[in-house]
Amino acid sequence: MSKQFAIPPVVFPSGGNPTAAGSNIQQRRIPTAPFQSPPSSASSIPFMSFDIGSAAASTSGSFYGCPIGSGASLPGGTGFEDEEPLLDELGIHPDQIWRKTKSILHPFRVNPELHKESDMSGPFLLYVSLSLFQLLAGKIQFGVILGWIIVSFFFLYVVVNMLAGRNGNLELHRCASLVGYSMLPVVILSAIMLFVPQGGTLVFGLAALFVLWATRVCTGLMVALVDGGDEHRALIAYACFLVYTLFSFLVIF
């Protein structure tokens, strides 16, 4: 026994004319892509529109509302031309380092006024130079030299302030700066030792000369910058002599 299914009649929207229905379908507006709205001329905010070409054209020639390359100031009143150089912001002043280094090169005319303002950039460069010269000599002593430098300026800091008593005004940062800059003769010695044969009287004579140079420079700076240091010049000189003799042994041997 077969079942019969009720089939609903087909109703055309144009009153039974399929041709007219096709023309209506063709006349319908083709929908755009999702989330793509037509650009509005009344919108003043370019990035709210999805028309990428017009937004790029409107913002390509400006930055923060100022033309690029025009030198105009940024919001806040400061421009790129008014900013300090990067080295100055980091506290590194090459001209000051060079003046202090030149003052160390004259052991009898050291200017203590240049060393009143302490810095660690110059001593760090001298530490790296000494380590590199030792590396060229076949000695990998980066950690040893750094450890000895730290022990040295702590040692001189304690000794000088104990000798000065209550009048001792030597800060640790300034002491590290003075000891580091006075390391320049030892750095020069390590560079010379690359071209001098090991051992012999000449080597020890050069080492003694450069140790006396470093001792005189460091002692003069500390006596001039520490209150009451002139009364204990000999003891301060002895402590400095021990420090730089230690570094000279590191270079020689």
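Residues are numbered from 1 along each chain as its sequence is written, and side-chain values use heavy atoms, with hydrogens and water left out. Because the model is predicted, local features need pLDDT of at least 70 and side-chain atom pairs count only at pLDDT 80 or more, while totals for chains, interfaces and linings use all residues.

**Overall fold**

The protein chain contains ten helices and two strands. Helices (H or I, at least four residues) and strands (E, at least two) are DSSP runs, numbered from the N terminus. Along the sequence the elements are arranged as α-α-β-β-α-α-α-α-α-α-α-α. Of the 253 residues in the protein chain, 31% are buried. Buried means under 20% relative accessible area, exposed over 50%, and partly exposed in between, with a 1.4 Å probe and protein chains only. Contact means heavy atoms within 4.5 Å. Among the contacts in the protein chain with a separation of 6 or more, 63% are between residues 24 or more positions apart.

**The nonpolar core**

The largest nonpolar core has 47 residues. Such a core is a set of buried Ala, Val, Leu, Ile, Met, Phe, Trp, Tyr and Cys residues joined through side-chain atoms within 4.5 Å. Leu156, Met222, Tyr244 and Phe247 have the most contacts inside the largest core. Two or more residues each come from helices H4 (94-104), H5 (121-136), H6 (142-164), H7 (172-181), H8 (184-192), H9 (201-225) and H10 (233-252). H9 contributes the most, with 13 residues. In soluble globular proteins, nonpolar side chains tend to be buried together.

Not counting residues up to four places away in sequence, Phe247 touches Leu130, Ile145, Trp148, Ile149, Ser152, Met183 and Val186.

**Helix H7**

H7 is largely enclosed by the rest of the structure, because eight of its ten residues are buried. The buried residues are Arg174, Cys175, Ala176, Ser177, Leu178, Val179, Gly180 and Tyr181. They pack against H4, H5, H6, H8, H9 and H10.

The table gives relative accessible areas for the residues discussed next.

| Residue | Relative accessible area |
|---|---|
| Asp119 | 9% |
| Thr219 | 4% |
| Cys218 | 0% |
| Ser152 | 5% |

Asp119 is in the loop between H4 and H5. Its side chain makes a polar contact of 2.6 Å with the side chain of Lys100. A polar contact is a pair of N or O atoms within 3.5 Å; within protein, one must be able to donate a hydrogen and the other to accept it, and residues adjacent in sequence count only if both atoms are side-chain atoms. The Asp119 side chain also reaches the backbone nitrogen of Gly122 at 3.3 Å. With neighbours within four places in sequence left aside, Asp119 is in contact with Ile97, Lys100, His173, Ser177 and Tyr181.

Thr219 lies in helix H9, and its side chain reaches the backbone oxygen of Thr215 at 2.6 Å. Beyond its neighbours within four places in sequence, Thr219 is in contact with Arg233, Ile236, Ala237 and Cys240.

Cys218 is also in helix H9. Not counting residues up to four places away in sequence, Cys218 touches Leu156, Ser182, Cys240 and Tyr244. The C-alpha atoms of Cys218 and Phe241 are 9.3 Å apart, and the two residues are 23 residues apart along the chain.

Ser152 belongs to helix H6. Its contacts, leaving aside neighbours within four places in sequence, are with Val243 and Phe247. Ser152 and Val179 are 27 residues apart in sequence, and their C-alpha atoms are 7.8 Å apart in space.

**The cavity**

The structure has one cavity of 30 Å³ or more. On a 1 Å grid over the protein atoms alone, a cavity is a set of points where a 1.4 Å probe fits but cannot get out, and lining residues have an atom within 4 Å of a point. Grid points are joined across faces, edges and corners, and a volume is the space filled by probe spheres set on the points. The volume of the largest cavity is about 40 Å³. Its lining consists of Phe133, Gln134, Ala137, Lys139, Ser190, Met193, Leu194, Gln198 and Val251. By class, five of these are nonpolar, three polar and one charged. Ala, Val, Leu, Ile, Met, Phe, Trp, Tyr, Cys and Pro count as nonpolar, Asp, Glu, Lys and Arg as charged, and the others, Gly among them, as polar.

Key:
1 Å grid on protein atoms, 1.4 Å probe; cavity = no way out; pocket = protein on both sides within 12 Å on 5 of 7 lines; lining within 4 Å.
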